[in-house]
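Here is a friendly briefing to read with the model open beside you. Take a look at the structure first, then follow the topics below.

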Amino acid sequence: MVHRRSIDGQALVFGNQGALWGNAMTWWDHDTGSIWSQPLGEAIAGPLKGATLDLLPVAFTTWGAWLDANPETLALIAPAGNSGFDLEDFLIVVDFDSETVAYPVTEVQRQTVINDEVAGVPVAIIADPADPQRWVVLSRQLDNEVVELEAVDDELRDVRTGTVWDPVRGLALSGELDGEVLNLLPAITSFPGDYPTFWPDGAIWTP
């Protein structure tokens, strides 16, 4: 998950607070000393308590898969061991305030594409047909049309026109809708056991 680190135009500097809240990391900001919940992007103690950071769209993938698609990427190399977490352990959480839905990664990989609607927003939760170790959440709204996506022969296509889409960038690569873009939407990963702690009214998608 990636949050915009500014409040009312002021960029904050964050550090690891060192304690867990709801079995998840907490941060502190150097400017006010407020304590923040990582999954929620919300200040839970201190002068900014109740303030929230904007959640930004991201793609979740392995380093190898990212580098294949973006070979010019530069990355910070920091000594670290294996996290011990497997992608299949997580839920993909789509939170639009008025409604929250979690999608088990194993189901997303099994389905490849899940066409759904959250808080009135048509969404697609996608495991790349060519590499199920990476996933994204895309808007299915395209101008006045809502597309329905499917995986065909390791390609992502929309049902009506057969247009082929890039499963990470949401860019139409060929077909009737060539050049159109489906917007990348924010999403969060969560362990199933922690999901009710942060989103007690949230639903879990089932086939």
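**Around Ala 59**

Ala 59 is in contact with Trp 135, Val 136, Val 168 and Leu 184, leaving aside its neighbours within four places in sequence; contact means heavy atoms within 4.5 Å. Please keep in mind that this is a predicted model, in which local features need pLDDT of at least 70 and side-chain atom pairs count only at pLDDT 80 or more, while totals for chains, interfaces and linings use all residues. Residues are numbered from 1 along each chain as its sequence is written, and side-chain values use heavy atoms, with hydrogens and water left out.

- Ala 59 sits in the loop between S8 and H1; helices (H or I, at least four residues) and strands (E, at least two) are DSSP runs, numbered from the N terminus.
- With a relative accessible area of 29%, Ala 59 is partly exposed; buried means under 20% relative accessible area, exposed over 50%, and partly exposed in between (1.4 Å probe, protein chains only).
- Ala 59 and Val 137 are 78 residues apart in sequence, yet their C-alpha atoms are 7.8 Å apart in space.

**The nonpolar cores**

- A nonpolar core is a set of buried Ala, Val, Leu, Ile, Met, Phe, Trp, Tyr and Cys residues joined through side-chain atoms within 4.5 Å.
- The largest nonpolar core has 18 residues, and those with the most contacts inside it are Ile 92, Tyr 103, Val 108, Val 123, Ile 125 and Val 137.
- At least two residues of this core come from each of strand S9 (91–95), strand S10 (100–104), helix H2 (105–111), strand S11 (113–118), S12 and S13.
- S12 supplies the largest share of this core, three residues.
- Which residues does Ile 125 contact, leaving aside its neighbours within four places in sequence? They are Ile 92, Tyr 103, Val 108, Thr 112, Val 113, Ile 114, Val 136 and Val 137.
- Another core, of 14 residues, lies apart from it, and includes Ala 124, Trp 165, Leu 177 and Leu 182.
- As background, nonpolar side chains tend to be buried together in soluble globular proteins.

**Salt bridges**

- The structure holds seven salt bridges, each being a side-chain nitrogen of Lys or Arg within 4 Å of a carboxyl oxygen of Asp or Glu.
- One of them joins the side chains of Asp 54 and Arg 4 (3.8 Å, N to O).
- Asp 54 is in the loop between strand S7 (42–45) and strand S8 (55–56), and Arg 4 is in the loop between strand S1 (2–3) and strand S2 (6–7), so this pair ties together parts that are 50 residues apart in sequence.
- Asp 54 counts as partly exposed at 47% relative accessibility, and Arg 4 counts as partly exposed at 41%.
- Arg 160 and Glu 176 also meet through their side chains in a salt bridge (3.4 Å, N to O).
- That pair links distant parts of the chain, 16 residues apart: Arg 160 is in the loop between strand S17 (155–158) and strand S18 (164–165), and Glu 176 is in the loop between strand S19 (172–174) and strand S20 (188–190).
- Arg 160 and Glu 176 are both exposed, and together with Glu 145 they are linked in a network of salt bridges.
- Asp 166 forms a salt bridge with Arg 169, and their closest N and O atoms are 2.9 Å apart.

**Arg 134 and Ser 139**

- Arg 134 is found in the loop between strand S12 (121–127) and strand S13 (135–139), and counts as buried at 17% relative accessibility.
- The side chain of Arg 134 makes a polar contact with the side chain of Asp 128 (2.5 Å); a polar contact is a pair of N or O atoms within 3.5 Å, where within protein one must be able to donate a hydrogen and the other to accept it, and residues adjacent in sequence count only if both atoms are side-chain atoms.
- Not counting residues up to four places away in sequence, Arg 134 touches several residues, among them Phe 60, Ala 65, Ile 126 and Val 168.
- Ser 139 lies in strand S13 and counts as buried at 9% relative accessibility.
- A polar atom of the Ser 139 side chain lies 3.1 Å from the backbone nitrogen of Gln 141.
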